[in-house]
Amino acid sequence: MLIHYIKLAIRNFRSNKVIFVGSLATLCLGALCISLLFSYVYNELTMDDFHNNKKDIYMVTMKRSPKSEWSLPFKNNYDEYPEVKNSTSLINFEKDKIRLKYNNDIYTPTGVVVDSSFFKVFNFELTIGDKNTILNDYEAIILTEDFSEKLFGDVNPIGKEVDFESPIYQGHHIVKGIVKIPSNSSLKFDVLIPNAGVPYGSWVPFVRLKKGTHKSHFDEKIKKSNNNYPYAFPKLTESTTKTVKLKDLYFNNNFSRIKTSQIFSSGNRNNVDILIIFIFIILLVSIFNFSNLQIVNINSIIKNIVIFKINGALKKDIYYQNLVENIIIIGMSAIILTISYNLILPFFNGFMNVNLKPPFSKVLLINVSFLILITGVGLIYPIIKINHFSTVLNINKKQQLKGKQIIVVLQYALAVILLISSIIVSKQLQLMLSKDLGFNTNNIMRVKMYYPISQAPIIRIGSEEKRVTNKKGITNKKEIFDKPEYIKNQLASFSGIKTIGQGRSPLDIYQVEWKTMQETSGFESLNTLLFSTECQDIFGFELLEGRLFDNEMDHDQEHKILINEAAKKHLGIEDISMTTLENISWGKGFKIIGVVKDFNYEHLASKPKPLIIYRTRGSSNYFILFHNNQNQETITQIHELFNELNPNQAFNYTFLSDDIATLYKKEKRLSTIYMVFTIIALVISAIGLFTIALYDTQRRVKEVGVRKVNGATIHEIMFMLNKDFLKWVIIAFLIACPVAYYAMHKWLENFAYKTALSWWVFALAGVFTMVIALLTVSWQTYKAAAQNPVKSLRDE
Amino acid sequence: MIKTENLSKIFRTEEVETKALNNVNLHVKEGEFVAIMGPSGCGKSTLLNIIGLLDNPSEGAYMFNGKEVGKYKEGSRTQERKGNIGFVFQSFNLIDELTVFENVELPLIYLKIKASERKRLVNEVLERMNIGHRTKHFPQQLSGGQQQRVAIARAVVANPKLILADEPTGNLDSKNGMEVMDLLTELNRQGTTIVMVTHSDRDANYAHRIVNLFDGKIVTESRKDPALV
Ligand SMILES: Nc1ncnc2c1ncn2[C@@H]1O[C@H](COP(=O)(O)OP(=O)(O)OP(=O)(O)O)[C@@H](O)[C@H]1O
Ligand SMILES: [Mg+2]
């Protein structure tokens, strides 16, 4: 019996090739998109779930004022809290602050210095090394699998010696462990260094609470725990200590400070939600299409079904027959799908900047589940309908499954919604990329000219002999002030350079607690920009009142600041000469010397935020304004100077305009992803329309013949045939427009600067869809219309 | 074998209600060869479908082999039909995707007969129908007469007691038509009951008895002189 079903299935595929190939294509394309997006979304939503105690891991935070919450910047002792099962702290370094030397190569990995209890809180697996003891070995360094491969290739990394350098700690280490970082870890690093007693740094403390402890209870208990902390500067009498769940950290937009380190990654819940909607829409489009192909299929074999029944087939025989056909299709799709999934995954990973490596069994499971979902749901309607067919062969009255039109309309409506949305998304992106930011971003090179090592004590750990090491890296006062002078003089001698400034990039903003003298509700974190006087020219700030910094009038360490319009408004300052600001760490009496016009230094999703500008010198980070363009000769000169100052080190520079483009990299990627998946949804829909057009025109061949014999031209025939199909697409478009309009209106609310929902976007989407549909349908209708009527009439 | 009492069939569509059969009382004994005649649309095929358990009557009773089957559900009708009734149609109704052999094999598959036994039965009946040399062909590759012979082979392969033929010669030229009629007559001689719908007087002459239908009613029944048979 089974052989009979399989034989029939294969014969049926052969005589309905278009349906068969169309079904395969629908399933493979649809399920491939869905599986890929699902893998990504699943990874985002299960962020940090691999930690056994994911629900009990908290970062300890500090609310310095009602308006600002930071991670608590020092480690603490939790012995007196029975709720705390384990606690650990890690030292977080800012981007580019650490270097690792192996042989003569210097790398700039991301890394953390961790307490010995690190693995008691976080569940990272060591492929080599013992979790319980390795962090007590101060000689040890743990590398991730990927970083180890970058450093040593296939060579066994264990026992290799490397030098670690950071502003607060240097050491000679031996590779003793290899750690695995799952793709759904929000904590990302290349190296782990055991903490041998580094006393300060930007600590990020974590606690693992006992099962069943309520966050609110614990928060209440530790509220005042850090007020008397002896090392705290400034005194924290007004602050409260709290916690934030590790699981909530990833999608949390606060704590931007720890996130500048690249150790703590962050996600965008909004984008994940949009991808979920995409998954649903593509799923629906695939289901609709599959359903439609099945309707066409059943309509084409309806006569056979009746003949089977007349010859003794029961209903269940017909169902089994259908089931066998679909199992074959699912099986073939599963194979194609799993192969293509694995082929595409690396590109998808690279594109989405993730590192998904689902095990084969999981891939197969996901793929087969989606295939079964699509076919299962897609078959509900045809199967129910098939039940109502009578066994009587009635050649005059052809029994046909109806509902194709409605399904095509729904399917196209969804595809058009995707298309309009994708166009709007890329239009919005275009707006953000081309918007005048209000400050100069052209021809500005950003380069770190040297890596300063602080004067603070440097701890060197290791075996006796290795304690004595070279003094090359050690900084002294002379280096801090002489080096910049030398660099400046050298740079000034290069003809391609117009202006040289030093400071933090406006794109890499720093948050510091400020308040006006009058303010009583406490400090709040405000974006603060630190740079030298020259940067004002480089960025071309526009002054609204007061004056800008001036090297003659202003001196180092003076309490003078510039603010932007937004800050003036936000802080409620009427007259800048009547107010001074207080900084939580730097003290009181900051005079406001001027107000600059707002400029967009952050992502354009938001309007310019309040900004405080403080003048400093001595940053190792340089802004170099080129004369007219980014000429290669000057870049080479700067490179040579860098090599002179930092032998053997990699020269890294960026141009500010590229940094700004980087801000939108994620959006750009997503916008491309949306477009690609939209096109796939349209392709899937076209497969359905093509198949329906093929079978429907075939049924009308005789009618076409009669009309032609009676004088109809090819054009008239095509118009008549196309009209029926295109009617559905037009209805779909009319349904899609208001839905897409509403959805995009909502979406644009996320942006401070919104692109217009122009009529032409809708028109473009409509025309595009129509043209594709027209081509799809005409392929068939032309064949029918052009056929010699004598032939078609004789055939019947 | 077949006994209908006041059998009626009404087709309801959205707008119209058609009374395709109106109080039909028909009796067919085992071994009989009955022809049903009448103008187009008078209900011949409808009657045949009901007799063949493909459809239910709207009213009246239908006794098949002594059982009241008029109210049977589709599943029970199929069970009752399996192996007992063979069908032959004007348009052959072969499955294009299956070979001659596979088409004839169909009823045996649904009767769950073993493959080796199927092979024997199918080859035997194809020999009998004189198309044993065409078993691997597909229906499209055969002439109309050959196709109808395959259809008859399929109808009889399970050795049913009753064969229902709806205009079996309607699509054939007279030579092929006669061949088909000879085959049916031969089957009838071997004991198979045959009910045949036809428009052709010549074909009707092969039958023992002719039933004339008009507007869903039996108007006349004529029995041929047994001596002529
Ligand atoms: N499924 C159906 N739905 C509605 N009406 C039907 C259906 N089948 C048959 N009829 C109607 O019932 C009447 C009898 O049809 P039937 O097919 O039995 O006629 P017939 O005698 O076989 O005609 P012909 O010689 O043309 O084959 C006709 O009027 C037909 O239109
Ligand atoms: Mg008929």
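A residue belongs to the shell around a ligand if one of its heavy atoms lies within 4 Å of that ligand. The model described here is predicted. By this cut-off, α1(B) gives the most to the shell around ligand 1, with three residues.

**The ligand site**

Ligand 1 sits between chains A and B. The residues around ligand 1 number 14, and those that come nearest are B:Ser40, B:Gly41, B:Lys44, B:Ser45 and B:Thr46. By class, eight residues of the shell are polar, three are charged and three are nonpolar.

| Residue | Part of the residue | Distance to an oxygen atom of ligand 1 |
|---|---|---|
| B:Gly41 | backbone N or O atom | 2.8 Å |
| B:Gly43 | polar backbone atom | 3.0 Å |
| B:Thr46 | side-chain N or O atom | 2.5 Å |

On its own, ligand 1 has 630 Å² of accessible area, and the protein covers 73% of it. Two or more shell residues come from each of β2 (17–24) and α1 (44–51) of chain B.

**Strands of chain B**

β2(B) also belongs to a hairpin. Its other strand is β1(B), with four residues between the two. Strand β1 (residues 2–12) of chain B pairs with β2(B) in the antiparallel sense, over five bridges. Within this pairing, B:Lys9 stands opposite B:Leu21 in β2(B).

Chain B also holds an open sheet of six strands. The order is β7-β8-β9-β4-β10-β11, and the pairing is mixed. Why is one side of β7 and of β11 left without a neighbour in the sheet? β7 (85–89) and β11 (217–223) of chain B stand at the edges and each has a single partner strand, so one side of each stays without a neighbour. Neighbouring strands of this sheet are turned against each other by 15° on average, direction ignored.

Inside that order, β8 (residues 162–166) and β9 (residues 193–197) of chain B pair in the parallel sense over five bridges. B:Leu162 has B:Thr193 in β9(B) as its bridge partner.

**The sheet of chain A**

Chain A has an open sheet of four strands. They follow the order β15-β23-β14-β24, with antiparallel pairing. β15 (497–502) and β24 (653–655) of chain A are the edge strands; each has a single partner, so one side of each lacks a neighbour in the sheet. The twist from one strand to the next averages 20°.

β24(A) is joined by three bridges to strand β14 (residues 444–448) of chain A, and the two run antiparallel. There, A:Val447 has A:Tyr653 of β24(A) as its bridge partner.

**Annotated spans of chain A**

An unreviewed UniProt entry places the feature "transmembrane region" at several spans of chain A, among them residues 364–384 and 673–695. Residues 364–384 of chain A are 100% helix and 0% strand, with end C-alpha atoms 29 Å apart. Residues 673–695 of chain A are likewise 100% helix and 0% strand; here the end C-alpha atoms lie 34 Å apart.

The unreviewed UniProt entry also places "domain: ABC3 transporter permease C-terminal" at residues 276–388 and 675–789 of chain A. Over residues 276–388, chain A is 88% helix and 0% strand, and the end C-alpha atoms are 37 Å apart. Over residues 675–789, chain A is 85% helix and 0% strand, with 43 Å between the end C-alpha atoms.

How values were computed: Residues numbered from 1 in each chain as written. Chains lettered and ligands numbered in written order. Predicted model: local features only at pLDDT ≥ 70, side-chain atom pairs only at ≥ 80, totals over all residues. Heavy atoms only, no water. UniProt positions renumbered as here; feature names shortened; annotations may be inferred. Polar contact = N/O pair within 3.5 Å; in protein donor to acceptor, adjacent residues only side chain to side chain. Areas by Shrake-Rupley, 256 points an atom, 1.4 Å probe, with all protein chains shown as cover. Nonpolar A, V, L, I, M, F, W, Y, C, P; charged D, E, K, R; others polar. Pairing = 2+ DSSP bridges. Axes fitted to C-alpha atoms, helices over the stretch in contact; angles between N-to-C directions.
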